Amino acid sequence: MTTANNLVQGLLLGGLYALFATGLSLMFGVMRLVNLAHGDFAILAAFLALVAVDGTGVHPLLTLAVVVPAMFVLGYLLQRGVLNRTVGGDGLAPVLVTFGLSIILQNLLLELFSADSRGLDAGAVEDTSLALGRLNVGWFPLLTLLTGAAVLAGLQLLLARTRLGRALRATSDDPEAAQLVGIDHRHAFAVATGLALATVAIAGIFLGIRTTFSPALGPTRLIFAFEAVIIGGLGSLWGTLAGGMVLGVAQTLGAQVSPGWGVLTGHLVFLAVLAFRPSGLFGKPVTT
Amino acid sequence: MSTGPPLLRVSGLDAWYGDFQALFDVSVLVAEGEVVAIIGANGAGKSTLLGTVAGLLPRTAGSVTFDGRELAGMPAHRRVALGISMVPEGRRIFPSLSVEENLLVGAQARRPGPWTVAAVLELFPLLGDKRRRGGSQLSGGEQQALAIGRGLMANPRLLLLDEVSLGLAPIVVRRIYEALPAIRAAGTTVVLVEQDIGQALGAADRVYCLLEGRVALEGAPTELDRDRIAAAYFGVRA
């Protein structure tokens with residue numbers, strides 16, 4: 001029974017990892033840019049929510065309405081002002097620049113909020129659960145998974161059905177040909193980064209409610225996000241959700257064996273996928 | 001040829017392709033409604049000229065004006081909004097978009113005009129039953145038709161066609177060129193770059209021949225005899 005329970009917890013945890021991973025996958029997909037500061041932006045969003053909660057006393061989930069648009073704007077400006085200068089080269093420049101951003105963000109948060117662990121208090125939703133037979137499913141992890149699925153579905157619809165989505169996919173295929181049909185590729189890139197930071201802001205706030213966070217937590221989150229993307233397969237949004245779930249299940253089942261084994265088991269599953277199925281569970285086979 | 005100011009005026013243009021100078025003091029005039037062909041051997045600077053007009057490549061001297069407006073420093077996507085549409089060499093179809101989506105994305109600049117998905121499919125019936133196919137699943141000729149259709153979806157005043165016949169079977173090239181009168185009839189001015197001299201002379205009102213980055217010859221196909229064209233094309237003095 002414990003195993004079944006942990007399996008469900010792991011699947012639900014996958015929703016959170018998918019929220020972390022989506023933006024990373026989107027930015028890589030549209031402009032081949034690996035954002036090493038992705039996890040730090042999630043933590044930044046959690047602190048922004050904390051400031052909003054402390055300042056106004058609103059429920060942490062309501063801060064989504066402010067923090068998510070704010071992070072979209074930040075992402076847009078970051079891409080227009082900084083990251084657009086790094087794309088199109090050899091791929092090393094964006095890695096170095098976002099690595100630098102990661103360090104700046106961590107230290108800025110440390111300076112502003114100290115190294116103390118903080119949390120967002122969401123009240124009753126955090127510790128009530130739904131009894132399904134002998135399984136207990138927490139409302140909040142369930143809400144996290146549903147939110148993750150809704151965000152992925154929304155993004156999928158946006159990319160597949162809208163004019164903006166077409167422009168993003170065309171730019172991803174061939175930025176120069178995209179300019180020739182009237183797409184401002186710099187604007188398209190900025191929208192992609194805006195969307196990425198908006199989704200990771202949701203991840204950061206859910207993380208802050210689920211557990212505690214501190215300024216140095218970003219890189220760990222980045223690694224989990226990477227693993228979810230790689231396990232699921234690049235370029236597949238639903239694969240990202242599946243990848244998050246595989247990682248979540250591996251971590252909770254590993255932790256069941258021994259508390260110290262959780263994260264390690266996740267890494268081992270990730271390595272196994274890299275070794276035996278490098279294109280991921282749902283990715284297109286690597287042909288080049 | 002209509003009177004009045006030219007739609008496209010290129011004058012004294014110098015441009016570089018990477019580290020070497022590809023165009024030297026090139027001047028080209030195109031009147032509204034004309035079909036103008038740019039011919040020349042490999043590396044003569046034809047594609048560089050189109051790229052400079054489309055805004056993909058920078059120029060170092062001279063000017064490019066469109067409908068009297070200087071285009072200096074204007075990025076490619078804004079030139080599309082003004083009415084300059086380029087069909088690039090190698091078709092450059094978006095592989096992850098379907099045929100229909102490739103056409104729809106061509107209308108990204110939202111210019112009103114006669115060209116819609118239905119009109120393009122009527123012009124190129126070979127695309128009709130492949131609307132839902134992926135762009136990369138088409139044959140070379142179908143991709144070329146799609147690339148031209150995508151360019152038309154912007155409802156351009158000036159359509160730049162780069163190396164339309166490259167790598168295509170003669171029968172396919174003929175079918176593509178058969179679409180040209182309909183494009184003209186819609187009021188679109190066309191500048192085409194072509195290595196196939198026969199095709200270019202048959203389709204164009206006027207021809208410019210580039211040789212090593214300079215205009216070596218210009219005129220109406222009827223005024224030019226084969227020897228002069230060969231001399232301008234290959235650089236052999238008669």
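Two strands pair if DSSP finds at least two bridges between them. Helices (H or I, at least four residues) and strands (E, at least two) are DSSP runs, numbered from the N terminus. With these terms, strand 1 of chain B and strand 2 of chain B are joined by 7 bridges and run antiparallel.

This is a predicted model, in which local features need pLDDT of at least 70, side-chain atom pairs count only at pLDDT 80 or more, and totals for chains, interfaces and linings use all residues. Residues are numbered from 1 along each chain as its sequence is written, while chains are lettered from A and ligands numbered from 1 in the order in which they are written.

Stay with the hairpin of strand 1 and strand 2 of chain B. It has 2 residues between the strands, and B:Gly18 takes a positive phi near 65° there. The bridge partner of B:Tyr17 is B:Phe20 in strand 2 of chain B.

Now widen the view. B:Arg9 has B:Thr65 of strand 4 of chain B as its bridge partner. B:Ser11 stands opposite B:Ser63 in strand 4 of chain B.

Two residues are in contact if their C-beta atoms, placed from the backbone, lie within 7 Å. Axes are lines fitted to C-alpha atoms, for helices over the stretch in contact, and angles run from 0 to 180 degrees between N-to-C directions.

Chain B has another open sheet. Its 6 strands follow the order 6-7-8-3-9-10, and the pairing is mixed. The edge strands here are strand 6 (84-87) and strand 10 (214-219) of chain B, and each pairs on one side only. From one strand to the next, the twist averages 20°.

Strand 3 of chain B has two parallel partners to follow. Strand 3 (residues 35-40) is joined by 5 bridges to strand 8 (residues 189-194) of chain B, and the two run parallel. In that pairing, B:Ala37 has B:Leu192 of strand 8 of chain B as its bridge partner. Strand 3 of chain B is also joined to strand 9 of chain B by 5 bridges, again running parallel. There the bridge partner of B:Ile39 is B:Cys209.

Next comes a hairpin. Strand 9 and strand 10 of chain B run antiparallel, joined by 5 bridges. B:Leu211 stands opposite B:Arg214 in strand 10 of chain B. There are 2 residues between these strands, and B:Glu212 takes a positive phi near 50°.

Turn to chain A. It has 11 helices and 2 strands. Along the sequence, the pattern is α-α-α-α-β-β-α-α-α-α-α-α-α. The radius of gyration of chain A is 19 Å, close to the 19 Å that the globule rule gives for 288 residues, so chain A is as compact as a globular protein of that length. That radius is taken over C-alpha atoms, and the rule is 2.2 Å times the number of residues to the power 0.38. Along the principal axes, the C-alpha atoms of chain A fill a box of roughly 60 × 50 × 35 Å.

Within chain A, look at one helix pair. The axes of helix 2 (residues 38-56) and helix 4 (residues 92-113) of chain A come within 9 Å and cross at roughly 25°. That makes helix 2 of chain A roughly parallel to helix 4 of chain A (angles under 35 degrees count as roughly parallel, over 145 as roughly antiparallel, 65 to 115 as roughly perpendicular and the rest as oblique). Residues in the contact include A:Ile43 and A:Phe47 of helix 2 of chain A, and A:Leu105 and A:Leu109 of helix 4 of chain A.

Finally, the chains meet. Chain B gives 21 residues to the contact and chain A gives 14 residues. On the side of chain B that touches chain A, helix 2 (76-82) and helix 3 (99-106) of chain B are the elements that give two or more residues.
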